[in-house]
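Let's take a friendly walk through a protein model together. Have a look at the picture and follow along as we go.

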Amino acid sequence: RGGGKARDTRRHPATPSRRYPEAAAGGERADPGAGRVLSGRQSRATRSDRPRLERPSRMTVIVPEQTPAGEAHLEPFLVELVHESLNSYAYSNAAFLCERLHAASPTEANAHLLATCYYRADQANRAYHTLKGRTSPRCRYLFALCCVKLRRLPEAEAALCRSPLPAGGRPPATDSSAAERPAADAPAS
């Protein structure tokens, strides 16, 4: 094809084999388990005979041991790891770490962080169920975003319009405010 020389792939007799250097030297090698000499095709180990090499994982996260004194240190450490994962767009990793964090200390802030991880990982349904019933304004806002994404618009509106005011929409009247306010039925003078 290329017009160049064909590459010779044969091994020179004096060159040792990569797998079995002693086999290339004498053509035979000793089997350490059986005490007999193997030659030729018998000298190659089968897949099951080869030692398994453990491959290092791509991302290694070192989590400190949980001891009573160390548990206080675990939460800020995991929060930092979650924020790093979110900033590097590793949303599934952030969700995994935040699930551990939320299981260890289920606070409102950790629930919001977990729902944020779910929402960014395009798992709005999980975020919806994580935030349902939360009362902080930022949890309600994220809950409303999840409701919009899930096309639950009345729930989104209710989450955004919810306020500590009573059902009538007016604050309860106190004695001092009732005296200052004119009655609705009284004629204006």
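Helix α6 passes helix α7 in a left-handed crossing, a term used when the near helix is turned anticlockwise from the far one by less than a right angle, while clockwise makes it right-handed. Helices here are DSSP runs of H or I with at least four residues, numbered from the N terminus. Keep in mind that this is a predicted model, in which local features need pLDDT of at least 70 and side-chain atom pairs count only at pLDDT 80 or more, while totals for chains, interfaces and linings use all residues. Residues are numbered from 1 along each chain as its sequence is written, and side-chain values use heavy atoms, leaving out hydrogens and water.

Two packed helices are described by the angle between their axes and the distance between the axes. For α6 (residues 137-149) and α7 (residues 153-161), the angle is about 165° and the axes are 8 Å apart. The two helices are therefore roughly antiparallel to each other, the word for angles over 145 degrees. Axes are lines fitted to C-alpha atoms over the stretch in contact, and angles run from 0 to 180 degrees between N-to-C directions.

Which residues of α6 and α7 meet? From α6 come Arg 140, Tyr 141, Phe 143, Ala 144, Cys 147 and Val 148, and from α7 come Leu 153, Glu 155, Ala 156, Ala 159 and Leu 160. Contact means heavy atoms within 4.5 Å.

Now turn to another pair. Helix α4 (residues 108-120) packs against helix α5 (residues 124-131) at an angle of about 165°, with axes 7 Å apart. That makes α4 roughly antiparallel to α5. Their crossing is left-handed. Among the residues making the contact are Ala 111, Ala 115 and Tyr 118 of α4, and Ala 124, Ala 127 and Leu 131 of α5.

Let's stop at Ala 127, which is found in helix α5. Is Ala 127 buried or exposed? Ala 127 counts as buried because its relative accessibility is 0%, and buried means under 20% relative accessible area, with a 1.4 Å probe and protein chains only. Leaving aside neighbours within four places in sequence, Ala 127 touches Ala 115, Tyr 118, Tyr 119 and Cys 146.

The structure holds zero disulfides, a disulfide being a pair of cysteine sulfur atoms within 2.5 Å. For Cys 146, the nearest cysteine sulfur belongs to Cys 147 and is 6.9 Å away.

Notes. Parallel < 35°, antiparallel > 145°, perpendicular 65-115°, else oblique. Buried < 20%, exposed > 50% of the residue type's maximum accessible area, 1.4 Å probe, protein only.
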